[in-house]
Amino acid sequence: MAPARTPAALLAGLVAADPGRPRVTVYDDTDGPTAGERVELSARVLANWVAKAGNLLQDELDAGPGSVVRLALPPHWRTLYWALAAWSVGACVEVARPGDDGHGADVVVTDDPTRGDGAEHLVVVTLAALARTAAVEVPGGAVDEARDLATHGDVLVALDEPDPADPALRDGADVLAYAEVVPAAGDGTGGRVHTQTTDTGELLRLALAAWAGDGSLVLTRGTPGPGTRAARLASEGVTREA
């Protein structure tokens, strides 16, 4: 039996298969600075974001196998590349629950700096696509992703590999090991999958399942205007709702 794929191997396979094909498309219908955005990432572009974030985690924040990278982020395209970056260096991705601060995490990645209180390392993410600096005050010693991420390399070479039994995704009481976090291919989970989930853990699982089936994910944030949703899904060629 072939060994289970890791998220890093899954991403590498997407790039090798068709680097220019869209793998993540996000429509933002929320209020605030991201309203109206449409962001599409091909496999190549997604891998580039993952490489930069992975190099930051590994080189600046000492993340690797045994580390816990807590994501206190909403469902968003930035959330996806931070999760893949943490998996690419062998860390455990932990989905922050309501009320969590930074205690118990080696790295907290969040758009709300108060969620990182008590963490060893803090990365402050600005969700707006064209941001070049954080929209909030960044605590001393924390990383301003919008300002600093671009300085990191486009090629990631992991220093260590996770053991198949190491935890890859912790979402509340649910824990998936590296050997099981990527679903088996050919289980009907591919195609163009649309979701409006507001749950970050569900987003990560849906994305891995779609990619494992050589598919892609379309995420709607917020509520589209009347008539917009159907037209949008038709234009994106959505084949399945999740």
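This is a predicted model: local features need pLDDT of at least 70, side-chain atom pairs count only at pLDDT 80 or more; totals for chains, interfaces and linings use all residues.
Residues are numbered from 1 along each chain as its sequence is written, and side-chain values use heavy atoms, with hydrogens and water left out.

Helices (H or I, at least four residues) and strands (E, at least two) are DSSP runs, numbered from the N terminus.

Let's go to helix α3, residues 77-88. How many of its residues are buried? The count is 12 of the 12, so α3 is largely enclosed by the rest of the structure. Among them are Trp 77, Arg 78, Tyr 81 and Trp 82. From first C-alpha to last, α3 reaches 17 Å, close to the 16 Å expected at 1.5 Å a residue; that expected span is 1.5 Å times one less than the number of residues. After the helix comes Gly 90, with a positive phi near 90 degrees.

Now, its neighbours. The axes of α3 and helix α5 (residues 200-212) come within 11 Å and cross at roughly 75 degrees. Axes here are lines fitted to C-alpha atoms, for helices over the stretch in contact, and angles run from 0 to 180 degrees between N-to-C directions. The two helices are therefore roughly perpendicular, the label for 65 to 115 degrees; under 35 counts as roughly parallel, over 145 as roughly antiparallel, and the rest as oblique. Contact means heavy atoms within 4.5 Å, and the residues making it include Leu 80 and Trp 87 of α3 and Leu 203 and Trp 211 of α5.

Next, the sheet. Seven strands form an open sheet with mixed pairing, in the order β7-β6-β5-β3-β4-β8-β9; two strands pair if DSSP finds at least two bridges between them. At the edges sit β7 (143-144) and β9 (174-177), each pairing on one side only. Strand β6 (residues 121-124) runs parallel to β7, joined by two bridges, and Val 123 stands opposite Val 143. Our helix α3 packs on this sheet, touching β3 (68-72), β4 (92-95), β5 (107-110), β6 and β8 (167-171), and its direction makes about 175 degrees with that of β3.

Finally, a quick look at helix α2 (residues 43-60). Its buried residues include Leu 46, Val 50 and Lys 52, and just after the helix Asp 62 takes a positive phi of about 60 degrees.

Key: Buried means under 20% relative accessible area, exposed over 50%, partly exposed in between (1.4 Å probe, protein chains only).
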